[in-house]
Amino acid sequence: MKTRTLGPGGPEVSAIGLGCMGMSAFYGGGDDAQSIEVIHRALDLGVTLFDTAEMYGPHTNEVLLGEALADRRDRAFVASKFGIGYNADRTQLKVDGSPANVRRAIEGSLTRLGMDHVDLYYLHRVDPDTPIEETVGAMAELVKEGKVRFLGLSEAAPETLRRAHATHPITALQTEYSLWSREPEDEILSVVRELGIGFVPYSPLGRGFLSGEIKSVDDLAPDDFRRTNPRFMGENFQKNLDLVTAVSEIAADKGVTAAQLALAWVLAQGDDLVPIPGTRRISTLEQNVAAAEIALTPEDLSRIEAVFPKDAASGHRYAEAARSALNR
């Protein structure tokens, strides 16, 4: 597995990480034993970056990852996140970046993970009621105590990122980025590069849609949250499927899968990007990891851009209840 650094001089991690969210939440019921096998296989393939969060489950994904890494912690760079959760009926997000919650959250995460430190600790969403300087200041205390090695933010706006970085060095920004979610190109990518911050694209396969394997909403489990995602609903679904079909034709010409082409496209946007696709299957993991070896030519990139240009996707990337917490 090739490696990349999270920002110039930052920590070195595998060029492709593993997002663990879907093993425990949002995509229907999982199989913990199978997920642990996937994590172990990822390590064997050279994957070092593993991404989880307090919210995933909630809590159960950290327990799962901790169990999987219990006897091989030294081989993994573990990232977790705090500060966000749904209300009881899942109609609204609750965000808490208060210093008190920083302390509460890390203690819980370390207990669930069974670890004495987290390598990269993200604020999952920015709290509009707590100055970012206060949140990051409290997170910086965790670095001093050895409970956290590096700090990150998720879905933060450029000005918020600047203020946070001035308080304590921010190692990584995690934001959705893929062929169908290219908002970071407007400003975020230039800002993280200016500041020397690594960029971790989550959902680089469009929550699985860019794989071309989802042909109908009926392919999703009844309790899969993607059924309520605007891009998977109504006429948006078919419009987006048409885009993926066009990309799949390019992938076939190159002898790779649509998912591999989509991942290779993300990797080609800069050697400071470390995408974290998720999966619950070893076969998919192996295909994703292989994407790190795919070289896209300028002609390939032009063909992809022609059939899937920026802003081509139909529908918002999140349902309304979650959109207010983005990019702030």
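Start by selecting Phe-209 in this predicted model: at 0% relative accessibility, Phe-209 counts as buried.

How far apart are the ring centres of Trp-180 and Phe-209, and at what angle do their planes lie? The centres are 5.2 Å apart and the planes are at 25 degrees, so this pair is stacked.

Then show Arg-231, which lies over the face of Trp-180, at 5.0 Å from the ring centre.

Next, select Tyr-177 and Phe-199. There are 10 aromatic pairs in the model, and this one is edge-to-face, with 6.0 Å centre to centre and 75 degrees between the planes. Tyr-177 sits in the loop between strand E10 (172–176) and helix H6 (188–195), and Phe-199 in strand E11 (residues 198–202), so the pair ties together parts 22 residues apart in sequence. Both Tyr-177 and Phe-199 are buried.

For another charge over a ring, pick Arg-207 and Tyr-318: the charged end of Arg-207 sits 4.7 Å from the centre of the Tyr-318 ring.

Last stop: the second largest pocket, with a volume of about 390 Å³. To find it, select Glu-183, Pro-184, Asp-186, Arg-317 and Asn-327, which lie nearest its centre among 25 lining residues. That lining has 10 nonpolar, five polar and 10 charged residues.

Key:
Residues numbered from 1 in each chain as written. Predicted model: local features only at pLDDT ≥ 70, side-chain atom pairs only at ≥ 80, totals over all residues. Heavy atoms only, no water. 1 Å grid on protein atoms, 1.4 Å probe; cavity = no way out; pocket = protein on both sides within 12 Å on 5 of 7 lines; lining within 4 Å. Points joined across faces, edges and corners; volume = space filled by probe spheres on them. Nonpolar A, V, L, I, M, F, W, Y, C, P; charged D, E, K, R; others polar. Phe/Tyr/Trp six-rings, centres within 6.5 Å; stacked < 30°, edge-to-face > 60°. Helix = DSSP H or I, 4+ residues; strand = E, 2+ residues; numbered from the N terminus. Buried < 20%, exposed > 50% of the residue type's maximum accessible area, 1.4 Å probe, protein only. Lys NZ or Arg CZ within 6 Å of the ring centre and 35° of its normal.
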